Amino acid sequence: MSTRIYIIGSGVISHHHAMARAELPGSELHAADPSEAARASFQKEFPDAVMYESSDKMLASPAGEDDLVVVSTPPRWHVSEALKALESGRSVLVEKPLAMNVAEAETLLAAAESRGLHIAVCGSRFQSWTLNRKVRSLIVDGTIGDVYLVDWMHRSLCSRTGIEYQNGSWWFLEKSKNGGGPLMDWGPYDFNTLLSILEPDSVTVDHAVCTHPVIPEPIPEDAIFDTETQAVAALTFTCGEKQVRIRFERTCATHGETVQTEGVYGTEGYISWNWLPFGEDLKLQIHKTTGPESVDVDTISVDASKEPNWMFEPVLQFRNFLQGEEAIGMFDAKALHAFRLIQAVYESAETGSPVTLNL
Ligand SMILES: NC(=O)c1ccc[n+]([C@@H]2O[C@H](COP(=O)([O-])OP(=O)(O)OC[C@H]3O[C@@H](n4cnc5c(N)ncnc54)[C@H](O)[C@@H]3O)[C@@H](O)[C@H]2O)c1
């Protein structure tokens, strides 16, 4: 069967989705974008791609059995474009964040279910990374005893998407276009990873703070910057009889000190690991304190060059899922979980009250 990939929005990330085609011999590539410059740059890199000015034109042809659509526009158009894909009879993979609000996300899931089609979200991009899966298996086999606490803190002092990274994509800074700040940008990866390693039955946001400390903002006068730059939350994951507390932070600009910690505490050990498959010397370590000055450390190293290309994973795993093959990712109802958790953090920060989600 030859796969036809239809990409809506041919900007920066779409090029990575298109390159996944290298793993799908004989596949066809179609892409739509209203921006002439975006279309020209895409066509230059993928000369055999069929280009369209609008997704309506692109999706007008009858759906094939092996078609899949990828939505890689800015978030405010994720659901409206994904709904068009479903209406055309095609299952759809949506870039993160899935939607702008929970109502939109639920509309999307209902539309897929009513048509017998499927949805997936790119927030699960790193779920198949060997070390993330290894953490899950070490938790399940009891290597560190009963898990009771996770540190998941990522605090940069000044690294804002739209300014320091991908300068000029001002929409990342604007709530009405991106839905939020670093929590919407990185939270999908954070929460997909935490949900996949702990597999909770329910999650409570005990309390949260989303704020925007004063840091100079070199942006045009007409650009709007009203998203949070620091999101901090205390979460409780209920896993069967056990409760695991999470100290969570995702910050792109604040005063203070840079922090990057991901670690799982158990009654018989502690796991630290590289949860992102980038860089060198990627490893997982199991620490067991044995005395005032002694810690046993077991190290598992991974050769990242033997791992898949992470930017291709969402398309390839979703395609496996659609083909009924083994696939790793958050599909259908599960595609909403991380997004609902992000929204629960915003809600708790705004109301000052805890918010519980049953998953
Ligand atoms: N840039 C990254 O490194 C990166 C990484 C992972 C995920 N993402 C996610 O991918 C999405 C897109 O980000 P990007 O960086 O590629 O943005 P971008 O601004 O480079 O590209 C978005 C493109 O979408 C087009 N577009 C807007 N509305 C459209 C519509 N209705 N139909 C068709 N095309 C439309 C725009 O013209 C633009 O070319 C975002 O949700 C982002 O969070 C980006």
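This report walks through a predicted model of a protein chain with a ligand, from its overall build to a few local details.

## Overall build

Let us start with the whole chain. Its secondary structure comes to eleven helices and 15 strands. Along the principal axes, the C-alpha atoms fill a box of roughly 65 × 50 × 40 Å. The radius of gyration is 21 Å, and this agrees with a compact globule, because a globule of 359 residues would come out near 21 Å.

Of the 359 residues in the chain, 45% are buried. Contacts also reach across the sequence: among those between residues at least 6 apart, 70% join residues that are at least 24 apart.

The chain is divided into domain 1, residues 4–117, and domain 2, which takes in 130–303 + 330–358.

Where the domains touch, 14 residues of domain 1 are in contact with 16 residues of domain 2. On the domain 1 side, helix α5 (residues 102–115) gives the most, with four residues. That side of domain 1 holds eleven nonpolar residues, one polar residue and two charged residues.

## Around the ligand

Which residues come nearest to the ligand? Out of the 24 residues around it, these are G9, G11, V12, S35 and A38. Helix α1, spanning residues 12–19, gives the most to this shell, with three residues.

By class, the shell has nine nonpolar, ten polar and five charged residues. Both parts of the chain take part here, as domain 1 and domain 2 each supply at least three residues to the shell around the ligand.

What pairs with β4? Strand β1, residues 4–8, runs parallel to β4 and is joined to it by five bridges. Within this pairing, I8 has V71 of β4 as its bridge partner. Strand β5 also pairs with β4 in the parallel sense, over three bridges. There, V70 stands opposite L93 in β5.

## Backbone details worth a look

A cis peptide bond joins K96 and P97, with omega at about -10 degrees. If you want to find it on the structure, P97 sits in the loop between β5 (92–94) and α5.

Two residues other than glycine have a positive phi. For E199, phi is about 45 degrees, and for D281, phi is near 55 degrees. E199 lies in the loop between α9 (187–198) and β8 (202–211), whereas D281 is found in the loop between β12 (269–273) and β13 (283–291).

Are these two residues buried or exposed? E199 counts as partly exposed because 14 other C-beta atoms lie within 10 Å. D281 has 8 other C-beta atoms within 10 Å, so it counts as exposed; the cut-off for exposed is 12 or fewer.

Conventions:
Residues numbered from 1 in each chain as written. Predicted model: local features only at pLDDT ≥ 70, side-chain atom pairs only at ≥ 80, totals over all residues. Near = placed C-beta within 6 Å. Nonpolar A, V, L, I, M, F, W, Y, C, P; charged D, E, K, R; others polar. Domains from an automatic or database assignment. Contact = placed C-beta atoms within 7 Å. Buried ≥ 20, exposed ≤ 12 C-beta atoms within 10 Å, placed from the backbone. Rg over C-alpha atoms; globule rule 2.2 N^0.38 Å. Pairing = 2+ DSSP bridges.
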